[in-house]
Structures are given as structure tokens and as C-alpha cells.
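Please examine the sequence and the three-dimensional model shown here, and keep both in view while reading.

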Amino acid sequence: MRKFVFGILVFVQVSFSISLKEAIDSALKYNTDVLYQKLNTKIASEKKKEAFGNFLPSLDFNANTNVGRRLAISEGPTSFVFQNGHFDQWNFGLKQVLFDMPSFYKYKISKDDLNAQKYMLTAVKTDVKIEVIDTYINALIKKKLIKVDKKEINDYERHLYNVEQMYKQGLVAFKDILQTKVKLNQAKEKLAKDEGEYKVYIQKLSNLVGRPVHRLKEIKYVSNPLGKYNLNQLIDIALKNRVILKYGKTLIRKAKDYQALVKSTYLPKAYVEARYGYSNQIPGLPYYQDLVSAGVYWRMFGGLKRFHEVHQAFLAYKQALTNYKKLEDDVKLQVTSSYEELKTAEKDIALANSELKDAKEHYKIASEKYKAGLGTNTDVIDAEDYLTKARTDVVNSRYFYTLSLYKLIEVVAYGQK
């Protein structure tokens, strides 16, 4: 029975373990921001279909029955009835618009909006992907730092034991014990803080991927596919590939089409209509009617409303141009920032490894000198702090490099078309 329960627990733990790729795939499928934008795209698709319906003929049917007094004139011995008191009538109508430029531009705008929403969906997926990567790697950093904290606690506990033994022998002062205990408690506080932050990152990751996450799989080494490019080349690639810029260009095109739409309201509309109907309104003369007509509707003046609509459309076009410039600047800044972070991380890896090697040697020497009565407790504590910092720097440099590389690949949109 115990083996069975243990097997279930192991299965549950493994089932909640997730890799970075699995986290990204899950987020792109279940993340609420992605789902929300997918709905926006579907709505835009329906609006496009609605706009296309303006080109199709309209068919209407009208039927009514009427009950009232007869419309009659009675004078002298003669009586004339012009309308029955009870009569029925119905008619069918078919209308086809032949020329209506506003409908044409409304359809173009609906196409622009659908394309814009598709681009925005890809942009949202990119943002979600970056957020998942950032959260996942920061969670791994905290997980590794928890191990660093535990090593620091073990070092201080071992050192405290040695100090207490030396104090019993009268070799050191009691303040050395107090000093060591303070540092030990600080190390425990740091462990509690990192464990709390790790849980926060795990919860955030669970929210992003749309399912509970309890364990993380380690990230494998990632080679840099962008190493052959300099910063200016990477910016050029981003300006060419980033979907958010395609979104901005689509908004410009949409603003142009809206200008044309507003201006087209000055043009006439042409239509053709066919109607067929029946009425027994006139007593003794029921009739069927069929009628085909063509017409032109032209509002030649409608006040100053359309003038202001044209001006608003022009301002909206300028706004779209300004928005695109901002998006372009944002992309350049993102690429530059990620590129410089990656370069810094590359240098930090080598420095951190060298620092850790020196810190271990420094701590070993400080501990041995203290035991021999040639050093102080402060020297040991300083060496321990230096060693902990070196261990932390090794963890940070390694994962910051991976994080910076992933971010650079995403903000450059490397491999996208």
C-alpha cells in the first residue's frame, strides 16, 4: 500500500514538472491574453463578412391587413366607395446597389482591421512568450539561489560549531559566537526570502501557462544563432520582421482608407429596385403590381458635419504615422537593450567563474588562519560573504546570459517572416 501511495505521489510530482518549451506551448494555447486577442480576431472576421454583405442585394417582404371604416362619399341618391373598410395588401421588393463608394471603403477598412488583429495576435503571443521565458528563468535563478543560501547556512553552522569549541578552550571571545549567530540568522532570512520569491514565480508561471506548475526542468545550453550579427544588423532584421511594425503599417493603411471613406460620402449612390405586390384596397378593383425602377441618391449638402469628419480622418492618419514611429523606436530600444545585456552577460560568465575560484581559496585560507589563531572572526565572515556573492554571481551570470539570448531572439524576431 505504501509503495502504491508513493508511486502516486511520484507520478503527480513528475506530471507537474514542465520544461521551458512546454511552458511556452501551454501559454500560447491557454493564456488569457492570447485567448482574448483570438476573440478580437474572430470579431474582426465577422465584421469583414458583415461589410461584404453591403454588396449583396436586399430582399424584403411586407404584408398587412387593415380594418376600419370605408372611405366613401354619399350625396343624394348616389354613393361612391373609394376604399374598402377591410382590405389586405402585400409586396416583395428586391434592391441592388450599383454604386456606393462608402460601402466599398467600409469593406476595405474591415479587411485592414482583420489583418491588424492577426498581426496583433502574433505580437501578443510574442509578448506572452517573453514573459514566460522571463518568469521561468527567474524561477530557476531563485531555485539555484536557494541552494546557495543553504550552502551559506551550512558554512555558518560549521563555523559556529568551531567557534563554540574554540571559546570553550578560551581561545576566542564570546563576541565571535554572537557575530557568527547574527550572520547565520541573516543567511536563514535570506533563504526564507528566496523561497518565498520562488513560490511567487511558480504561481505566476502557473497563471501564464494556464495550469498548475510545481517543478521546473533545467534549461539546456543554448547556442547563439545571432553571434555573427552586429547591433545595426540586428536592428535591421527586427525592423523587417517584427509583426508589431506590420501592425502599425496596417493601421496607417486603415487610416488612409478611412479618409477615403469620409470623402466618398460626397459622392452619389445608384441603385436598381424591383417590386411586386397585391392590394384589394379599392372595392371591386383588386390589383397586382410589378415595378422596376432605377434611382440616384445624392446628398449635396449636409451642413458642416462632413467637413469636420474629413478633418478628423486626416488627424487620425497623422496619429497612425506617429504611432508607427513610436513602435519603431520601441523596437530599436528593445533590440539595443537585449543586445547590450547579452554582451554584458557573456563577460560576466567568465568573471564569475574566476571570482568563485578565488572566493573558495580565500575562504579556505581565512578559516585555517582563524583556527590557528592568526586571523579574526571578521575575516572569516567577510570571506564567507565574498564566497556567497561569488556563488550568486555564477548563478546569475549563467541564467542572465540565457535569458538575454532568448529575449534578443524574440525582439529581433529571428527566423520569422
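The model is predicted: local features need pLDDT of at least 70, side-chain atom pairs count only at pLDDT 80 or more, and totals for chains, interfaces and linings use all residues. Residues are numbered from 1 along each chain as its sequence is written, and side-chain values use heavy atoms, with hydrogens and water left out.

We begin with the aromatic rings. A pair of such rings is described by the distance of the centres and the angle of the planes. Here, rings of Phe, Tyr and Trp (its six-membered ring) pair if their centres lie within 6.5 Å; planes under 30 degrees apart count as stacked, over 60 as edge-to-face and the rest as tilted. By this rule the model holds 9 aromatic pairs. One of them joins Trp90 and Phe92, edge-to-face, with 6.0 Å from centre to centre and 70° between the planes. Trp90 counts as partly exposed because its relative accessibility is 26%, and Phe92 counts as partly exposed because its value is 38%. Both residues belong to one aromatic cluster, formed by Phe61, Trp90, Phe92, Tyr276 and Tyr278.

A charge sits over a ring if NZ of Lys or CZ of Arg is within 6 Å of the ring centre and within 35 degrees of the ring normal. Lys95 lies over the face of Tyr271, at 4.4 Å from the ring centre. Arg398 is placed over the face of Tyr399, at 4.9 Å from the ring centre.

On a 1 Å grid over the protein atoms alone, a cavity is a set of points where a 1.4 Å probe fits but cannot get out, and a pocket is an open set with protein on both sides within 12 Å along at least five of seven lines; lining residues have an atom within 4 Å of a point. Grid points are joined across faces, edges and corners, and a volume is the space filled by probe spheres set on the points.

The largest pocket contains about 360 Å³ of space. It is lined by 17 residues, of which Pro102, Thr265, Lys269, Arg299 and Arg306 are the closest to its centre. Helices (H or I, at least four residues) and strands (E, at least two) are DSSP runs, numbered from the N terminus. Two or more lining residues come from each of α4 (101–168), α7 (243–264) and α8 (305–371).

The second largest pocket has a volume of about 210 Å³. Arg398 and Tyr399 are among its lining residues, and α9 (377–412) provides the largest share of the lining, 5 residues.

The second largest cavity holds about 30 Å³. Its lining includes Asn224, Tyr339 and Leu408, and α8 gives the largest share, 3 residues.

Finally, Gly85 lies in the loop between β4 (78–83) and β5 (86–99). Gly85 counts as buried because its relative accessible area is 12%. Apart from neighbours within four places in sequence, Gly85 is in contact (heavy atoms within 4.5 Å) with Asn66, Val67, Gly68, Arg69 and Arg70.

Note on methods. Buried < 20%, exposed > 50% of the residue type's maximum accessible area, 1.4 Å probe, protein only.
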